[in-house]
Amino acid sequence: KHSKSLLDKNSNNEVACKKCKKAEIKKTCRRILTPKMEATSSKAESSLQKSSLDVHAESNKWQYKSTSDTVILSADTESSQDGDSDEGTTPGMDDFSGLSPYEKKRLKNISENANFFASLQLSESAARLREMIKKRQPPESKRKKPKKKENETGCRRSMRLLKVNPSGVSLPATPTQPILVADENPLLPPGPLEMTSENRDDNSELFKGFLQTWAEVSKTRSKNTEKELSSIKSYKANLNGMIISEDTVYKVTKGPIFSMALHPSEIRTLVAAGARSGQVGLWDLTHQPKEDGVYIFQPHSQPVSCLYFSPANPAHLLSLSYDGTLRCGDFSRAVFEEVYRDERSSFSSFDFLAEDASTLIVGHWDGSMSLVDRRTPGTSCEKLINSSLSKIRTVHVHPVHRQYFITAGLRDIHIYDARFLNRSRIKPLISLTEHTKSIASAYFSPLTGNRVVTTCADCKLRIFDSSCISSKIPLLTTIRHNTITGRWLTRFQAVWDPKQEDCIIVGSMAHPRRVEIFHERGKWVHSFLGGECLSSVCSINAMHPTRYILAGGNSSGRIHVFMNESCG
């Protein structure tokens, strides 16, 4: 402690002492605040110890230098810890009379914090933590890579991936010639095709006699051209006399049958069937044994969806296929002539517009229609007409008023007037919109055309009154019938019996397997049961126009024939 007398003697250097005192205080504060406490415990410990020692040293020694003599001012740290208030000063604080109360309070707090950190002994704790971390840390070990041996065998690799033959010869990078994948159903060449049997020898006398039989039988005509409607009672009696046997069942085509036709001959029983494979099978049931009476031809490359014997010349069998061709099989010349060809389209159905079978109306799967005249040379159509239908499944001409024809589309059925076929787009006269699901077929009744029968996927057979073709055709009868054949069976198509205008024929999904006949009023008429001879579903059926003969085709290419004993 220094008295004030010493300061009085050096009054001349008072100003210099004040400046020196302020400079020393700034240096002391700078030395105290400069050390930073690091995150790690070692740095925090060293900085705290250093700061505490500096604070003690600086608080005990304050020196004032003057020109005449040097005044050493020391502040005792113990005496500076008594006063807490900013106004009250300790003896050591008297030497800092030039400092403001805030600076004095700040220096005091710094000194107290340094003493507190020193009492925590952070250096010892940090040392212990370091030792614990070193003990827990596993020793670092580097993986040694195995040395490769010169004569060691390498990993086994696929020679196929390395493009090397097992013999060690490298394979060519690319094949010399691209592999062409053959089309499963290539289109047949245009023009006429010879009747070449696929299951018989073409040069055999048996095949020549077969073709001659079909040509000669077609020349015979029935004397009674007028058809009369018999009573239901007599009709049922004739149906009850129709039977099936092992001799009347045979596999005629390869694959499901899509279409059937019965020759109108009254002497021999001749059946034609069109298959999904494009084949056309002919079966003469009169010939025995039955294997010798079956001949298979390939006039098309895709399913044959429609077959008709020409009404003017039954020696001509017209077949229509998905492959965009319409051919006429002439048995007298043993050739399949090409009537109409359009490779850009796919055909679904056709019918004769004229009674002499000179003109035809052809329906396409894309909803368009074609007018074909067989008398003109070439294989093109006379007119291509667009309709409002997205698809056309069946086409059928009115038997009396031949200017009218009906088409079955996807959901709607339209009746058109053939006199407007010269237009590029034709509008329907009448539309039947009662169907809720996909439609399979629509046909006029065979004698008068006063009725229309439709087959729909909603399990209903509908019969309409078409006696007066006006703006609307009323619905007469709805028959509940299971028409869900699934994916593997050909779709049902209810057709009229050509001998009985008020009765329809349709296949059945019921067990045991059968073919059913219904009256136009919805009443059941008859069921053809075959027992073991009829073990599958007959989706496509055809009735002889004058005789009591029924032929049904299934999905395996087999034909089942029911006939009256008198027709044998």
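## Aromatic cluster

In this predicted model, ring pairs join Phe 207, Phe 210, Trp 214, Tyr 295, Phe 297, Phe 309, Phe 331 and Phe 336 into a cluster. The whole structure holds 18 aromatic pairs.

One of them is Phe 207 with Tyr 295. Their ring centres are 5.4 Å apart and their planes stand at 50°. Phe 207 belongs to helix α6 (residues 205–219) and Tyr 295 to strand β9, so the contact ties together parts 88 residues apart in sequence. Phe 207 is buried, at 4% relative accessibility. Tyr 295 is buried too, at 0%.

## The sheet that holds β9

Strand β9 (294–297) belongs to an open sheet of 4 strands. The order is β6-β7-β8-β9, with antiparallel pairing. β6 (257–262) and β9 are the edges; each has a single partner strand, so one side of each lacks a neighbour in the sheet. From one strand to the next, the twist averages 20°.

β9 pairs with β8 (residues 280–284) over 4 bridges, in the antiparallel sense. Here Gly 281 stands opposite Ile 296 of β9.

## A stacked pair and a charge over a ring

Phe 405 and Tyr 416 form a stacked aromatic pair, with 5.5 Å between centres and 20° between planes. Phe 405 lies in strand β19 (residues 404–408) and Tyr 416 in strand β20 (residues 413–417), so this pair links parts 11 residues apart in sequence. Phe 405 is buried at 0% relative accessibility. Tyr 416 is buried at 0% as well.

Lys 499 lies over the face of Tyr 548, at 4.8 Å from the ring centre.

Key. Residues numbered from 1 in each chain as written. Predicted model: local features only at pLDDT ≥ 70, side-chain atom pairs only at ≥ 80, totals over all residues. Heavy atoms only, no water. Pairing = 2+ DSSP bridges. Helix = DSSP H or I, 4+ residues; strand = E, 2+ residues; numbered from the N terminus. Axes fitted to C-alpha atoms, helices over the stretch in contact; angles between N-to-C directions. Phe/Tyr/Trp six-rings, centres within 6.5 Å; stacked < 30°, edge-to-face > 60°. Buried < 20%, exposed > 50% of the residue type's maximum accessible area, 1.4 Å probe, protein only. Lys NZ or Arg CZ within 6 Å of the ring centre and 35° of its normal.
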